[in-house]
Amino acid sequence: MKTRHSCPNCEKHGVFTRYIDQRNGEYLEDKLGKCNREIKCGYHFSPKQYFSENGIPTTKINNNLLKRKPEPKIKQKASYIDKTFMQESIASNQPNYFLQYLSSIWNAEVALDLAKKYNIGTSAHWNGATIFWQVDDFGEIRSGKIMLYDPANGKRIKKPYNRINWAHKVLQLDKFNLQQCFFGEHLLNKNKEKPVAIVESEKTAIIASIFLPQFIWLGCGSVNNLNSEKTKVLKGRNVILFPDLGCLDLWNSKIPKLTKLATFRISTLLERKAIEYERQQGFDIADYLTKPNILTYIKK
């Protein structure tokens with residue numbers, strides 16, 4: 001986050017990654033870079049485009065370099081976090097704004113049950129912060145994503161800056177190799193027959209699990225975190241993808257690249273039912289499930 005800048009297109013702060021000249025480590029032109037808000041902005045101006053537009057000839061690649069065989073990449077093992085940290089965070093009596101929000105949807109008992117089920121911890125990094133622990137199918141803790149939510153509406157607090165961090169960084173663990181797994185992946189071993197539903201955010205997986213318990217709900221963490229390596233754990237499963245509004249085509253294009261050992265389908269429900277405002281806001285399934293009129297109907 002410290003190396004990100006304001007996007008020249010959408011003008012959001014802390015979302016723009018600039019290109020550098022590897023010879024001297026200096027940044028290239030201000031507008032050369034990529035916005036990580038791929039759906040809502042999508043700005044990407046590469047050096048190649050810049051050279052082309054300005055008539056700058058690019059250096060030809062040395063043929064001798066092309067003849068060299070690339071050195072095989074050695075796959076690093078994932079790092080893990082001691083389970084004591086997770087257990088202490090789940091048992092914490094400090095304020096947890098996200099759990100307070102869940103209590104407002106149902107009650108404190110349901111919120112605590114979800115905290116145990118999904119390994120939702122409390123962090124002192126920010127007052128009221130939540131840790132979404134990523135526990136893999138072997139029960140190993142890959143890390144925990146720390147975020148801050150508004151207890152009244154369950155929205156992430158992004159001003160004056162985006163409140164997001166990682167447990168391994170806060171714990172200052174040296175040479176930590178983060179290899180993410182699905183949030184909720186540990187639940188796969190509890191029922192090997194249940195179909196799986198995958199959404200983007202941890203919050204959405206948790207909320208959807210209350211309303212639609214016929215699925216095992218997993219969160220992939222971000223729009224680009226759905227990949228072949230992660231989905232290997234879904235061998236033999238029937239999987240339904242529930243993309244956020246605006247992400248249907250992107251996730252649909254990913255299906256051929258996912259593991260061939262599972263069956264994937266994609267839900268078009270939101271795209272078929274959404275109004276323009278909801279599309280602009282990038283609603284996900286949890287935004288619909290927690291609408292006041294729907295909550296009242298379901299509780300009745």
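This is a predicted model: local features need pLDDT of at least 70, side-chain atom pairs count only at pLDDT 80 or more; totals for chains, interfaces and linings use all residues.
Let's start with the aromatic side chains. The count of aromatic pairs here comes to 12.

Is F283 buried or exposed? F283 is buried, at a relative accessible area of 13%.

Some rings gather into a group. F98, Y118, F132, Y149 and F183 make up one aromatic cluster.

If you look at Y27, you'll find the charged end of R18 over its ring, 4.4 Å from the ring centre. Over at Y161, the charged end of R163 sits above the ring, 4.4 Å from the centre.

**Strands side by side**

Now for the backbone. Strands of a sheet pair through backbone hydrogen bonds, either parallel or antiparallel. This model lets you see both kinds, starting with an open sheet of 3 strands in the order β1-β4-β5, where the pairing is antiparallel. β1 (16-18) and β5 (44-45) each have a single partner strand, so they stand at the edges and one side of each has no neighbour in the sheet. Strand β4, residues 33-35, pairs with β5 over 2 bridges in the antiparallel sense. To find the place by eye, look for K34, which stands opposite H44 in β5.

For the parallel kind, go to β12 (residues 238-241) and β13, which are joined by 4 bridges. N238 has T263 in β13 as its bridge partner. T263 also belongs to the uncovered face of β13 (residues 263-266), together with R265. The covered face of that strand holds F264 and I266.

**Spaces inside and at the surface**

Rolling a probe the size of a water molecule over the atoms shows where empty space is left. How many cavities of 30 Å³ or more does a search of the whole structure find? It finds 1. Among the residues that line the largest cavity are F242, P243, D244 and L245, along with the run S267, T268, L269, L270 and E271.

The second largest pocket is lined by 19 residues, and the closest to its centre are R142, Q179, Q180, E229 and K230. Here are the two spaces, with their volumes and the classes of their lining residues.

| Space | Volume | Lining residues by class |
|---|---|---|
| Largest cavity | About 60 Å³ | 5 nonpolar, 2 polar, 2 charged |
| Second largest pocket | About 420 Å³ | 5 nonpolar, 5 polar, 9 charged |

As for which residues put charge into the cavity lining, D244 and E271 are the ones to look for, because Asp and Glu count as charged.

Terms used
Residues are numbered from 1 along each chain as its sequence is written. Side-chain values use heavy atoms; hydrogens and water are left out. Rings of Phe, Tyr and Trp (its six-membered ring) pair if their centres lie within 6.5 Å; planes under 30 degrees apart count as stacked, over 60 as edge-to-face and the rest as tilted. Buried means under 20% relative accessible area, exposed over 50%, partly exposed in between (1.4 Å probe, protein chains only). A charge sits over a ring if NZ of Lys or CZ of Arg is within 6 Å of the ring centre and within 35 degrees of the ring normal. On a 1 Å grid over the protein atoms alone, a cavity is a set of points where a 1.4 Å probe fits but cannot get out, and a pocket is an open set with protein on both sides within 12 Å along at least five of seven lines; lining residues have an atom within 4 Å of a point. Grid points are joined across faces, edges and corners, and a volume is the space filled by probe spheres set on the points. Two strands pair if DSSP finds at least two bridges between them.
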